[in-house]
Amino acid sequence: MAQPALQLPSEVWNHVFGYLSAADKLNVRASCKYFKKLVDHGSLWKDWAVVLSFQNGSYNSQFWATLRRRKVTSVVVRSTKAKDWKQLAQSLPALTTVVMDQSSQKSLDCLKDFPHLKRLAIRNSCTSVLLDTSTVSKPQQLTHFSICDVAFPSRAVGGVISAVSHFTNLTSLVCHQVGVLEDTILMVHSILSHLPKLKHLSLSVVHRLCTFHSVPRPNPGPLRGAHGQAGALALSSLELIDCMDHSLPEDAMRLMPGLKSLAVFYRHSHQEMADRLPSPVCHLTTWLRDLPQLSTLVIVKGPPVNKYVTSIPATVTSLTLCIPGLSSEDMAAAAAQTPNLLHLHIDPWPSHLGAHTAQIPLLFPKLKHLKLRHEHVPEKDFLSLHQLQDLGYLEILDSQPHLSELIGKLQALTNYRLEVTTSPRQRDVLSCQCKLY
Ligand SMILES: [Zn+2]
């Protein structure tokens with residue numbers, strides 16, 4: 001290390017390192033002992049989650065000491081061995097976020113050893129596991145709980161829902177691919193009744209024809225919490241994964257009238273649906289009509305846009321339409337419904353917007369944030385995006401080597417007001433792969 005570098009106060013270095021990515025910080029750390037000490041400062045690793053694979057057996061004490069110096073509170077673990085989990089619990093007892101990327105009964109049984117656990121994700125079990133209220137030491141401390149692709153014995157699924165109902169301080173619940181056998185809407189009702197603080201709910205809702213067409217559905221009655229208070233009032237965000245149009249009944253949203261965000265990830269595109277069971281009705285139409293406070297709407301695949309577009313409430317300011325074959329007419333109809341749109345993610349892949357990209361500034365003049373593909377868009381149409389006076393952030397989904405020249409031209413046209421990125425923003429460590437699109 002050259003002497004002048006040492007003369008800068010450590011706070012200044014700390015500030016400079018704060019602008020670096022995790023990979024760059026690790027490179028700086030490897031350059032000398034002085035930087036190694038500075039880079040391991042806890043303030044530089046606040047939102048960082050370490051991935052532990054235990055591939056070469058146990059980690060040494062120096063490794064754990066480094067993580068403690070960085071005050072690491074989030075881990076992703078790719079081991080199902082009890083001895084690895086025991087070592088983790090002893091070495092990092094202060095963990096608050098644990099993502100169990102592969103799970104087994106043995107690893108689940110070790111969760112009790114993390115007394116500060118607030119955010120927990122359990123994924124990918126190779127055999128069925130049992131989960132109950134004793135799985136974590138302080139069930140009421142959990143604020144985020146996620147289960148994805150975890151197998152439970154069929155008789156125990158009801159027990160899982162019952163265990164979740166004891167996590168009474170949950171604000172976020174994700175429940176994907178768990179082989180739920182109950183009527184989905186009754187399950188939603190049960191969850192909402194017991195979790196009065198729940199703000200975000202994400203479910204995979206596999207369609208079972210018999211549920212809604214052959215079997216009479218009991219009336220779940222008005223929503224009441226465990227203490228008689230009205231439930232579901234806090235719920236502001238609902239995500240439906242692997243959805244089919246009839247996965248929830250058409251009046252389902254009346255249970256959640258305060259929703260501000262609805263994301264529906266359909267299992268099929270409407271072209272694929274047409275080959276199966278063409279449906280004369282589209283429940284999404286009714287769902288949207290029942291959501292007067294909706295501000296964020298995400299639709300991925302699903303029914304033809306013209307079936308529901310006129311039901312999109314004018315309160316929507318953030319819209320994602322990832323609809324294969326989306327036409328310029330669909331785009332114009334969506335624009336007519338959303339006069340105050342600020343955020344737009346539009347993607348007709350595997351088809352392309354092409355020259356229709358030039359319509360975006362005319363249809364959505366107030367946009368601040370735009371996400372799209374640039375392939376097959378003629379240069380003059382792409383550059384017409386500079387007409388969006390308020391656009392501050394553009395994310396291009398398909399990066400290519402020659403793109404930097406085009407981005408440079410667009411930024412020059414906006415007087416370098418526009419920030420352009422070709423790499424998506426970092427996802428939360430708790431997010432699963434189900435909604436990649
Ligand atoms: Zn998932």
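**Strand β14 and its neighbours**

The chain gets from β14 to β15 through helix α16, residues 403-413, in a right-handed β-α-β crossover. Right-handed here means that, with the strands pointing away from the viewer, the path from the first strand over the helix to the second runs clockwise. Helices (H or I, at least four residues) and strands (E, at least two) are DSSP runs, numbered from the N terminus.

Before going on, the ground rules. This is a predicted model: local features need pLDDT of at least 70, side-chain atom pairs count only at pLDDT 80 or more, and totals for chains, interfaces and linings use all residues. Residues are numbered from 1 along each chain as its sequence is written.

Back to β14. β14 and β15, residues 419-421, pair in parallel over 3 bridges. Two strands pair if DSSP finds at least two bridges between them. Strand β13, residues 369-372, also runs parallel to β14, with 4 bridges. There, Leu372 has Ile396 as its bridge partner in β14.

Which residues of β14 are on the covered face? Leu394 and Ile396. Tyr393 and Glu395 are on the uncovered one. In a regular strand the side chains alternate between the two faces of the sheet.

Now some backbone details. Tyr416 sits in the loop between α16 and β15. Tyr416 is not a glycine, yet its phi is positive, about 60°. Tyr416 counts as exposed, with 9 C-beta neighbours inside 10 Å. The cut-offs: buried is 20 or more other C-beta atoms within 10 Å of the residue's own, exposed is 12 or fewer, partly exposed is in between, and C-beta atoms are placed from the backbone.

Lys301 also has a positive phi of about 60° without being a glycine. Lys301 belongs to strand β10, residues 296-302. Lys301 is partly exposed, with 19 other C-beta atoms within 10 Å.

Pro350 is in the loop between β12 and α14.

The whole chain, quickly. There are 16 helices and 15 strands. Of 437 residues, 31% count as buried.

Last, confidence. pLDDT is the predictor's confidence in each residue, from 0 to 100. The chain averages 87, and 88% of the residues score at least 70. Over residues 207-218, pLDDT stays under 50, and the model has 9 contacts beyond four places in sequence. Contact means C-beta atoms, placed from the backbone, within 7 Å. Residues 224-231 also stay under 50, with 13 such contacts. Where pLDDT is low, the predicted coordinates should not be read in detail.

Methods
Two residues are in contact if their C-beta atoms, placed from the backbone, lie within 7 Å.
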